[in-house]
Amino acid sequence: MAEMRMDERLALAAVGPPMEYDAKRIRKAVDGKVVLITGASYGQGEATAKLLAKHGAIVVLAARTRPKLDEVASEIILAGGRAHTYAVDMGDLKAVDKFAAAVVKDLGRVDVLVHNAGKSLRRSAFRSALRPQDMESMVGVNFLGPMRLTLALLPHMRKQGGAHIVNIATAGLLMPNAPRWGFYIATKDGFDKWIRSVAMESRNYGVTVTSLYAGHIKSRMVATGWVARMPGHTPEQAARTVAYAITRRPRTMAPRGLRELGVVSTVFEGPLELTLSLVDRRSGETKASDAAFTAAMGVAGKADV
Ligand SMILES: NC(=O)c1ccc[n+]([C@@H]2O[C@H](COP(=O)([O-])OP(=O)(O)OC[C@H]3O[C@@H](n4cnc5c(N)ncnc54)[C@H](OP(=O)(O)O)[C@@H]3O)[C@@H](O)[C@H]2O)c1
(Lines give C-alpha, C1' and ligand atoms only; values in the text may rest on other atoms or scores of the structure.)
Protein backbone atom coordinates (compact mmCIF):
# COMPACT_ATOMS: atom_id res chain seq x y z
CA MET A 1 0.00 0.00 0.00
CA ALA A 2 1.35 3.45 -0.95
CA GLU A 3 2.80 5.56 1.87
CA MET A 4 0.65 8.41 3.21
CA ARG A 5 1.55 11.73 4.76
CA MET A 6 0.82 11.95 8.51
CA ASP A 7 -1.91 14.59 8.02
CA GLU A 8 -3.62 12.33 5.46
CA ARG A 9 -3.39 9.39 7.83
CA LEU A 10 -5.02 11.43 10.61
CA ALA A 11 -7.70 12.85 8.30
CA LEU A 12 -8.68 9.37 7.12
CA ALA A 13 -8.66 7.88 10.61
CA ALA A 14 -10.94 10.73 11.72
CA VAL A 15 -13.49 10.60 8.92
CA GLY A 16 -13.55 7.05 7.54
CA PRO A 17 -15.57 5.37 6.06
CA PRO A 18 -14.28 2.21 7.78
CA MET A 19 -11.55 0.34 5.93
CA GLU A 20 -11.03 -2.46 8.44
CA TYR A 21 -8.90 -5.21 6.93
CA ASP A 22 -10.07 -8.58 8.19
CA ALA A 23 -8.63 -11.12 5.76
CA LYS A 24 -10.59 -14.05 7.25
CA ARG A 25 -13.86 -12.18 7.02
CA ILE A 26 -13.21 -11.08 3.43
CA ARG A 27 -12.36 -14.64 2.38
CA LYS A 28 -15.50 -15.96 4.05
CA ALA A 29 -17.61 -13.44 2.15
CA VAL A 30 -16.09 -13.82 -1.33
CA ASP A 31 -14.22 -17.13 -1.68
CA GLY A 32 -15.60 -18.92 -4.76
CA LYS A 33 -18.19 -16.16 -5.29
CA VAL A 34 -18.71 -14.31 -8.58
CA VAL A 35 -18.03 -10.60 -7.96
CA LEU A 36 -18.79 -8.27 -10.84
CA ILE A 37 -17.03 -4.90 -10.68
CA THR A 38 -17.74 -2.20 -13.25
CA GLY A 39 -14.95 0.30 -13.87
CA ALA A 40 -12.33 -2.31 -12.94
CA SER A 41 -9.65 -1.06 -15.35
CA TYR A 42 -8.37 1.77 -13.13
CA GLY A 43 -8.52 3.31 -9.67
CA GLN A 44 -10.77 1.96 -6.96
CA GLY A 45 -12.31 -0.70 -9.25
CA GLU A 46 -8.93 -2.14 -10.22
CA ALA A 47 -7.73 -2.19 -6.59
CA THR A 48 -11.00 -3.78 -5.41
CA ALA A 49 -10.75 -6.53 -8.04
CA LYS A 50 -7.18 -7.34 -6.99
CA LEU A 51 -8.03 -7.35 -3.28
CA LEU A 52 -11.10 -9.60 -3.64
CA ALA A 53 -9.38 -11.98 -6.10
CA LYS A 54 -6.56 -12.39 -3.56
CA HIS A 55 -9.21 -13.71 -1.15
CA GLY A 56 -10.70 -16.23 -3.56
CA ALA A 57 -13.34 -14.24 -5.48
CA ILE A 58 -13.96 -15.01 -9.15
CA VAL A 59 -13.82 -11.42 -10.35
CA VAL A 60 -15.62 -10.13 -13.43
CA LEU A 61 -13.90 -7.00 -14.68
CA ALA A 62 -15.83 -4.57 -16.88
CA ALA A 63 -14.84 -1.23 -18.43
CA ARG A 64 -14.18 0.26 -21.88
CA THR A 65 -10.38 -0.07 -22.09
CA ARG A 66 -9.77 -3.65 -23.20
CA PRO A 67 -5.91 -3.64 -22.96
CA LYS A 68 -6.02 -2.28 -19.41
CA LEU A 69 -8.66 -4.85 -18.37
CA ASP A 70 -6.46 -7.62 -19.77
CA GLU A 71 -3.46 -6.24 -17.90
CA VAL A 72 -5.37 -6.24 -14.58
CA ALA A 73 -6.72 -9.76 -15.24
CA SER A 74 -3.23 -11.09 -16.12
CA GLU A 75 -1.85 -9.72 -12.89
CA ILE A 76 -4.64 -11.41 -10.92
CA ILE A 77 -4.23 -14.73 -12.73
CA LEU A 78 -0.43 -14.68 -12.38
CA ALA A 79 -0.93 -14.22 -8.62
CA GLY A 80 -3.13 -17.36 -8.57
CA GLY A 81 -6.54 -15.66 -8.79
CA ARG A 82 -9.49 -16.00 -11.14
CA ALA A 83 -10.61 -13.15 -13.43
CA HIS A 84 -12.82 -12.65 -16.49
CA THR A 85 -12.89 -9.49 -18.61
CA TYR A 86 -15.69 -7.85 -20.60
CA ALA A 87 -15.16 -4.65 -22.56
CA VAL A 88 -18.36 -2.62 -22.30
CA ASP A 89 -19.40 1.01 -22.45
CA MET A 90 -21.92 1.44 -19.63
CA GLY A 91 -23.46 4.31 -21.56
CA ASP A 92 -24.49 1.95 -24.36
CA LEU A 93 -27.62 0.28 -22.96
CA LYS A 94 -27.86 -2.44 -25.61
CA ALA A 95 -24.23 -3.35 -24.91
CA VAL A 96 -25.02 -3.45 -21.16
CA ASP A 97 -27.85 -5.95 -21.80
CA LYS A 98 -25.53 -8.13 -23.88
CA PHE A 99 -22.83 -7.90 -21.23
CA ALA A 100 -25.21 -9.00 -18.45
CA ALA A 101 -26.46 -11.92 -20.56
CA ALA A 102 -22.88 -12.99 -21.38
CA VAL A 103 -21.84 -12.97 -17.71
CA VAL A 104 -24.84 -15.11 -16.71
CA LYS A 105 -24.17 -17.50 -19.61
CA ASP A 106 -20.41 -17.75 -18.89
CA LEU A 107 -20.45 -17.85 -15.08
CA GLY A 108 -24.00 -18.84 -14.16
CA ARG A 109 -24.50 -16.26 -11.41
CA VAL A 110 -23.46 -12.95 -9.87
CA ASP A 111 -23.14 -13.00 -6.07
CA VAL A 112 -21.82 -9.47 -5.61
CA LEU A 113 -22.30 -6.54 -7.96
CA VAL A 114 -20.19 -3.43 -7.43
CA HIS A 115 -21.48 -0.39 -9.33
CA ASN A 116 -18.15 1.41 -9.48
CA ALA A 117 -17.75 2.75 -13.06
CA GLY A 118 -18.22 6.49 -13.05
CA LYS A 119 -17.41 9.76 -14.74
CA SER A 120 -16.90 13.08 -12.99
CA LEU A 121 -17.10 16.61 -14.37
CA ARG A 122 -16.59 20.07 -12.92
CA ARG A 123 -17.78 22.63 -15.45
CA SER A 124 -20.09 25.63 -15.51
CA ALA A 125 -23.50 25.29 -17.14
CA PHE A 126 -22.53 28.15 -19.47
CA ARG A 127 -19.70 26.12 -20.98
CA SER A 128 -21.52 22.79 -20.88
CA ALA A 129 -23.61 23.85 -23.85
CA LEU A 130 -20.51 23.31 -26.00
CA ARG A 131 -20.15 19.68 -24.97
CA PRO A 132 -23.57 17.98 -24.98
CA GLN A 133 -21.80 14.64 -25.47
CA ASP A 134 -20.39 14.88 -21.91
CA MET A 135 -23.87 15.30 -20.51
CA GLU A 136 -25.04 12.20 -22.36
CA SER A 137 -22.06 10.06 -21.37
CA MET A 138 -22.48 11.02 -17.70
CA VAL A 139 -26.16 10.13 -17.70
CA GLY A 140 -25.16 6.83 -19.34
CA VAL A 141 -22.36 5.67 -17.04
CA ASN A 142 -23.58 7.17 -13.73
CA PHE A 143 -27.33 6.61 -14.09
CA LEU A 144 -28.93 4.64 -16.95
CA GLY A 145 -26.14 2.06 -17.43
CA PRO A 146 -26.03 0.82 -13.81
CA MET A 147 -29.84 0.88 -13.72
CA ARG A 148 -30.00 -1.32 -16.80
CA LEU A 149 -27.35 -3.69 -15.44
CA THR A 150 -29.23 -4.04 -12.14
CA LEU A 151 -32.50 -4.76 -13.95
CA ALA A 152 -30.84 -7.39 -16.13
CA LEU A 153 -29.23 -9.18 -13.16
CA LEU A 154 -31.93 -8.94 -10.48
CA PRO A 155 -34.07 -11.86 -11.76
CA HIS A 156 -30.99 -14.11 -11.70
CA MET A 157 -30.01 -12.90 -8.23
CA ARG A 158 -33.52 -13.63 -7.00
CA LYS A 159 -33.56 -17.07 -8.60
CA GLN A 160 -30.21 -18.03 -7.07
CA GLY A 161 -31.48 -17.03 -3.61
CA GLY A 162 -29.79 -13.71 -2.99
CA ALA A 163 -26.86 -11.39 -3.67
CA HIS A 164 -25.33 -8.13 -2.50
CA ILE A 165 -25.04 -4.89 -4.47
CA VAL A 166 -22.62 -2.09 -3.58
CA ASN A 167 -23.26 1.31 -5.10
CA ILE A 168 -20.22 3.58 -5.12
CA ALA A 169 -21.95 6.90 -4.59
CA THR A 170 -20.13 10.02 -3.45
CA ALA A 171 -19.89 11.89 -0.16
CA GLY A 172 -20.86 14.93 -2.24
CA LEU A 173 -24.47 13.68 -2.06
CA LEU A 174 -24.47 14.36 1.70
CA MET A 175 -22.96 17.83 1.44
CA PRO A 176 -24.39 21.20 0.41
CA ASN A 177 -25.00 21.62 -3.31
CA ALA A 178 -21.90 22.84 -5.11
CA PRO A 179 -21.68 25.03 -8.21
CA ARG A 180 -20.24 23.43 -11.41
CA TRP A 181 -20.72 19.85 -10.15
CA GLY A 182 -24.36 19.68 -11.25
CA PHE A 183 -24.13 16.84 -13.79
CA TYR A 184 -22.02 14.66 -11.51
CA ILE A 185 -24.10 15.17 -8.39
CA ALA A 186 -27.44 14.89 -10.21
CA THR A 187 -26.55 11.63 -11.99
CA LYS A 188 -24.95 10.00 -8.93
CA ASP A 189 -27.86 11.11 -6.72
CA GLY A 190 -30.46 9.93 -9.23
CA PHE A 191 -29.02 6.43 -9.36
CA ASP A 192 -28.53 6.24 -5.61
CA LYS A 193 -32.13 7.30 -4.93
CA TRP A 194 -33.31 4.66 -7.42
CA ILE A 195 -31.22 1.82 -5.96
CA ARG A 196 -32.26 2.70 -2.37
CA SER A 197 -35.85 2.33 -3.51
CA VAL A 198 -35.08 -1.00 -5.19
CA ALA A 199 -33.30 -2.12 -2.00
CA MET A 200 -36.55 -1.97 -0.05
CA GLU A 201 -38.15 -4.38 -2.51
CA SER A 202 -35.19 -6.65 -3.16
CA ARG A 203 -34.30 -7.35 0.47
CA ASN A 204 -37.54 -9.38 0.53
CA TYR A 205 -35.92 -11.88 -1.82
CA GLY A 206 -32.41 -11.73 -0.38
CA VAL A 207 -30.76 -9.01 -2.47
CA THR A 208 -29.24 -6.42 -0.12
CA VAL A 209 -27.76 -3.06 -1.13
CA THR A 210 -25.03 -0.88 0.39
CA SER A 211 -24.69 2.74 -0.70
CA LEU A 212 -21.08 3.75 -0.10
CA TYR A 213 -20.82 7.55 0.01
CA ALA A 214 -17.12 7.55 -0.82
CA GLY A 215 -14.81 10.35 0.25
CA HIS A 216 -11.92 11.63 -1.82
CA ILE A 217 -9.98 8.90 -3.69
CA LYS A 218 -6.62 9.73 -5.22
CA SER A 219 -7.37 8.20 -8.62
CA ARG A 220 -7.13 9.21 -12.26
CA MET A 221 -10.50 10.95 -11.81
CA VAL A 222 -9.00 13.67 -9.60
CA ALA A 223 -5.42 13.71 -10.83
CA THR A 224 -5.18 17.41 -11.73
CA GLY A 225 -5.75 20.83 -10.16
CA TRP A 226 -6.60 21.60 -6.54
CA VAL A 227 -8.59 18.39 -6.05
CA ALA A 228 -5.39 16.37 -6.56
CA ARG A 229 -3.91 18.03 -3.47
CA MET A 230 -6.80 17.12 -1.15
CA PRO A 231 -6.18 14.35 1.41
CA GLY A 232 -7.90 11.13 0.45
CA HIS A 233 -7.77 7.37 0.21
CA THR A 234 -5.39 5.67 -2.18
CA PRO A 235 -7.31 3.28 -4.48
CA GLU A 236 -5.99 0.40 -2.33
CA GLN A 237 -7.41 1.95 0.84
CA ALA A 238 -10.67 2.72 -0.94
CA ALA A 239 -10.81 -0.95 -1.96
CA ARG A 240 -10.82 -1.88 1.72
CA THR A 241 -13.93 0.25 2.25
CA VAL A 242 -15.61 -1.69 -0.57
CA ALA A 243 -14.50 -4.98 1.04
CA TYR A 244 -16.06 -3.78 4.31
CA ALA A 245 -19.32 -3.07 2.45
CA ILE A 246 -19.29 -6.61 1.04
CA THR A 247 -18.41 -8.40 4.27
CA ARG A 248 -20.69 -6.45 6.64
CA ARG A 249 -23.45 -5.43 4.21
CA PRO A 250 -24.43 -2.17 5.95
CA ARG A 251 -27.29 -0.21 4.41
CA THR A 252 -25.06 2.85 3.95
CA MET A 253 -21.47 3.89 4.63
CA ALA A 254 -20.19 7.45 4.83
CA PRO A 255 -17.38 9.56 6.22
CA ARG A 256 -18.05 10.40 9.87
CA GLY A 257 -19.90 13.64 10.57
CA LEU A 258 -21.12 14.19 7.01
CA ARG A 259 -24.74 13.33 7.67
CA GLU A 260 -24.79 15.83 10.55
CA LEU A 261 -23.22 18.43 8.25
CA GLY A 262 -25.96 17.63 5.73
CA VAL A 263 -28.67 18.42 8.30
CA VAL A 264 -26.98 21.72 9.24
CA SER A 265 -26.56 22.66 5.59
CA THR A 266 -30.26 22.02 4.93
CA VAL A 267 -31.18 24.39 7.76
CA PHE A 268 -28.83 27.09 6.40
CA GLU A 269 -29.39 26.32 2.72
CA GLY A 270 -30.11 29.91 1.61
CA PRO A 271 -27.05 31.62 3.12
CA LEU A 272 -24.84 28.67 2.10
CA GLU A 273 -25.91 28.84 -1.54
CA LEU A 274 -25.27 32.57 -1.56
CA THR A 275 -21.77 32.09 -0.08
CA LEU A 276 -20.87 29.33 -2.53
CA SER A 277 -22.10 31.45 -5.41
CA LEU A 278 -19.82 34.30 -4.28
CA VAL A 279 -16.88 31.88 -3.98
CA ASP A 280 -17.69 30.53 -7.43
CA ARG A 281 -17.43 34.00 -8.94
CA ARG A 282 -13.74 34.00 -7.95
CA SER A 283 -12.88 30.44 -8.99
CA GLY A 284 -12.00 29.48 -12.53
CA GLU A 285 -12.63 26.62 -14.92
CA THR A 286 -10.12 23.80 -15.36
CA LYS A 287 -7.31 24.39 -17.91
CA ALA A 288 -8.81 21.71 -20.17
CA SER A 289 -12.19 23.41 -20.10
CA ASP A 290 -10.62 26.81 -20.79
CA ALA A 291 -8.80 25.38 -23.80
CA ALA A 292 -11.95 23.72 -25.18
CA PHE A 293 -13.95 26.91 -24.71
CA THR A 294 -11.30 29.04 -26.42
CA ALA A 295 -11.11 26.65 -29.36
CA ALA A 296 -14.88 26.44 -29.76
CA MET A 297 -15.64 30.13 -29.46
CA GLY A 298 -12.50 31.51 -31.06
CA VAL A 299 -12.12 33.92 -28.15
CA ALA A 300 -9.64 34.37 -25.31
CA GLY A 301 -10.84 31.88 -22.66
CA LYS A 302 -11.24 34.08 -19.63
CA ALA A 303 -12.18 31.83 -16.73
CA ASP A 304 -15.00 33.80 -15.22
CA VAL A 305 -18.15 32.40 -16.78
N1 LIG B 1 -12.07 9.80 -7.04
C2 LIG B 1 -12.86 10.30 -6.10
O3 LIG B 1 -12.47 11.20 -5.34
C4 LIG B 1 -14.24 9.75 -5.90
C5 LIG B 1 -15.00 10.22 -4.81
C6 LIG B 1 -16.27 9.70 -4.60
C7 LIG B 1 -16.77 8.73 -5.45
N8 LIG B 1 -16.01 8.31 -6.51
C9 LIG B 1 -16.59 7.28 -7.38
O10 LIG B 1 -15.74 6.15 -7.32
C11 LIG B 1 -15.90 5.38 -8.53
C12 LIG B 1 -14.53 4.97 -9.06
O13 LIG B 1 -13.84 6.13 -9.47
P14 LIG B 1 -12.24 6.27 -9.44
O15 LIG B 1 -11.96 7.40 -8.51
O16 LIG B 1 -11.60 4.95 -9.21
O17 LIG B 1 -12.02 6.82 -10.91
P18 LIG B 1 -11.20 6.24 -12.18
O19 LIG B 1 -9.84 5.83 -11.77
O20 LIG B 1 -11.34 7.29 -13.22
O21 LIG B 1 -12.02 4.95 -12.59
C22 LIG B 1 -13.26 5.03 -13.24
C23 LIG B 1 -13.55 3.68 -13.86
O24 LIG B 1 -14.81 3.76 -14.53
C25 LIG B 1 -14.65 3.25 -15.86
N26 LIG B 1 -15.58 3.91 -16.76
C27 LIG B 1 -15.72 5.24 -17.00
N28 LIG B 1 -16.64 5.45 -17.95
C29 LIG B 1 -17.11 4.23 -18.32
C30 LIG B 1 -18.08 3.79 -19.25
N31 LIG B 1 -18.77 4.64 -20.02
N32 LIG B 1 -18.31 2.47 -19.35
C33 LIG B 1 -17.62 1.57 -18.60
N34 LIG B 1 -16.70 1.93 -17.69
C35 LIG B 1 -16.45 3.24 -17.55
C36 LIG B 1 -13.20 3.55 -16.21
O37 LIG B 1 -12.70 2.64 -17.19
P38 LIG B 1 -12.56 2.92 -18.76
O39 LIG B 1 -12.09 4.32 -18.91
O40 LIG B 1 -11.58 1.87 -19.18
O41 LIG B 1 -13.93 2.68 -19.31
C42 LIG B 1 -12.50 3.28 -14.88
O43 LIG B 1 -12.20 1.92 -14.75
C44 LIG B 1 -16.73 6.27 -9.48
O45 LIG B 1 -18.06 5.82 -9.49
C46 LIG B 1 -16.65 7.64 -8.84
O47 LIG B 1 -17.79 8.43 -9.15
C48 LIG B 1 -14.77 8.78 -6.74
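Helix α5 (residues 93–107) and helix α7 (residues 132–160) pack at about 30 degrees, with 9 Å between their axes. This is a predicted model, where local features need pLDDT of at least 70, side-chain atom pairs count only at pLDDT 80 or more, and totals for chains, interfaces and linings use all residues. Residues are numbered from 1 along each chain as its sequence is written, and side-chain values use heavy atoms, with hydrogens and water left out. Helices (H or I, at least four residues) and strands (E, at least two) are DSSP runs numbered from the N terminus. Axes are lines fitted to C-alpha atoms, for helices over the stretch in contact, and angles between N-to-C directions run from 0 to 180 degrees.

**α5 against α7**

- α5 and α7 are therefore roughly parallel to each other (under 35 degrees; over 145 is roughly antiparallel, 65 to 115 roughly perpendicular, and the rest oblique).
- On the α5 side, the contact (heavy atoms within 4.5 Å) is made by Leu 93, Val 96, Asp 97, Phe 99, Ala 100 and Val 104.
- On the α7 side, the contact with α5 involves Leu 144, Gly 145, Arg 148, Leu 149, Ala 152, Leu 153 and His 156.
- The α5–α7 contact has nine nonpolar, two polar and two charged residues (Ala, Val, Leu, Ile, Met, Phe, Trp, Tyr, Cys and Pro count as nonpolar, Asp, Glu, Lys and Arg as charged, and the others, Gly among them, as polar).

- α7 passes α8 in a right-handed crossing.
- Their contact includes Asn 142, Phe 143 and Pro 146 of α7, and Phe 191, Trp 194 and Ile 195 of α8.
- The residues of the α7–α8 contact split into 14 nonpolar, five polar and one charged.
- One cavity of 30 Å³ or more is counted (on a 1 Å grid over the protein atoms alone, a cavity is a set of points where a 1.4 Å probe fits but cannot get out, and lining residues have an atom within 4 Å of a point).
- The largest cavity has a volume of about 90 Å³, volume being the space filled by probe spheres set on grid points joined across faces, edges and corners.
- Of the 13 residues lining the largest cavity, His 115, Ala 117, Asn 142, Pro 146 and Asn 167 are the closest to its centre.
- α7, β5 (163–170) and α8 (182–202) each give two or more residues to the lining of the largest cavity, which comprises seven nonpolar, five polar and one charged.

- α3 and α4 pack at about 25 degrees with axes 10 Å apart, and that makes α3 roughly parallel to α4.
- Glu 46, Ala 49, Lys 50 and Ala 53 of α3 meet Lys 68, Val 72, Glu 75 and Ile 76 of α4, giving four nonpolar, no polar and four charged residues.
- The second largest pocket holds about 440 Å³ of space (a pocket is an open set with protein on both sides within 12 Å along at least five of seven lines).
- Among its 21 lining residues, Ala 47, Lys 50, Leu 51, Ala 53 and Lys 54 are the closest to the centre of the second largest pocket.
- α3 (43–54), α4 (66–78) and α9 (235–248) each supply at least two residues of that lining, and α3 gives the most, with seven.
- The lining of the second largest pocket divides into 10 nonpolar, four polar and seven charged residues.

Conventions. Left-handed = near helix turned anticlockwise from the far one by under 90°.
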